[in-house]
Amino acid sequence: MKIHLTAIVILLFALLSCRNRFYSETDFPSLLKIDSHVHINSDDGIFEEQAAADNFMLITLNVDHGDSANIRKQYNHAAISVQKHPGKVFFGPAFLFDTAGWGTDDWSKKIISQLDKDINAGVITVKIWKNIGMTVRDRTGRFIMVDDPGLDPVINFIMGKNLPVTGHLGEPRNCWLPLDQMTVSSDSSYFARNPHYHMFLHPEYPSYEDQINARDRMLEKHPDLTFIGCHLGSLEWNVDSLALRLDKYPNMAVDMSARICHLQYQSAKDRKRVRDFCIKYQDRLLYGTDVGYSGSSNPEAFKERMHNTWTDDWKYFTTDEEMTSDKFKGTFTGLKLPKEVVDKIYRENAIKWYKLTPPAPPEEGDIPAFL
């Protein structure tokens, strides 16, 4: 009888230990999380309110649309949000790639001078956008790629400020395919709306391989640069290809923004491969959504969409439930990653790679509320 009771106790302890290794859907509100890639372009506080409700900190990143007034507007929105919510919202500006004077010392001095002002205002990174490699050209018409020596002084300046570079370089590989051959509808709908970025229609532009190779050469030139590649480093289509880069470039991490559906698409074909990748590279992956907010006539609808996005992603990473996506056909199973992996993806890696000041731990039994 004693042996039988001992066996039961051991079994119960094992079951409890196993359960305690994983989060559930109900744990979502209690864990402090970081969305490491959003775009706050409004001062109404709606995005920040929903972040508070869902226990998220936010990192808002600017983009270079080639319009200096727009860049300053983005910068001001981000700076205001950081000022209103110190320690809860962080941001990284982009610099305007004005081709006037490109290739001269005056050009790099002009960019560095503006960045110095922006950095002194308090930022955590500087973002390089996809216009480098896909839009901007020199006076001869040649596309300017991110490994161009003309960018070295700017990158060296950012490194000297002890800041990482965040890079959206290139596009998903789907960009170079016909619309009907793209793997996920979020890509096909985006490139249908933005044909100027649909590279299948522009074979005269640099290829997908050109974009990835230029980024890789830039990292080889600057081995001490801390680099966070947006959108799974534009290697979203294959976790093995991304793993090769993470192995080669130890100072490179990636955020998952707007590319989680690509992980899910791969999960539908080989869940173990994706799960093993997330566990092996648990220190190099940052959760993000790429959701932009520029104000809304229906703020409650935005809040609901944002909440649903966050909770759907949480379900994918923390449970082994069967799921579907509106971005591709078929079903896939959640990854059910261990707690320590989820903690890193959802919070600790952003703190580490962006050198954030960790928030104070909550009092026992409290749910952290930060805004």
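Leaving aside neighbours within four places in sequence, which residues is Thr60 in contact with? In this predicted model, the contacts of Thr60 are Val38, His39, Ile40, Ala78, Val89, Phe90, Phe91 and Gly92. Thr60 itself belongs to strand 2, which spans residues 56-61. Its relative accessibility is 1%. Thr60 therefore counts as buried.

Gly288 was examined next. This glycine sits in a loop. The loop runs between strand 8 (285-286) and strand 9 (292-293). Gly288 has a relative accessible area of 1% and is therefore buried. Its contacts, apart from neighbours within four places in sequence, include Asp35, Ser36 and His37. Met256, Ser257, Ala258 and Ile260 are also in contact with Gly288. Leu58 provides a further point of reference for this glycine. Gly288 and Leu58 are 230 residues apart along the chain. Their C-alpha atoms are separated by 9.1 Å.

Helix 10 covers residues 239-248. Its buried residues are Val239, Ser241, Leu242, Ala243, Arg245 and Leu246. These residues pack against helix 8 (208-221) and helix 9 (230-233), among other elements. Strand 7 (252-255) and helix 11 (260-280) are also packing partners of the buried residues of helix 10.

Methods. Residues numbered from 1 in each chain as written. Predicted model: local features only at pLDDT ≥ 70, side-chain atom pairs only at ≥ 80, totals over all residues. Heavy atoms only, no water. Helix = DSSP H or I, 4+ residues; strand = E, 2+ residues; numbered from the N terminus. Buried < 20%, exposed > 50% of the residue type's maximum accessible area, 1.4 Å probe, protein only. Contact = heavy atoms within 4.5 Å.
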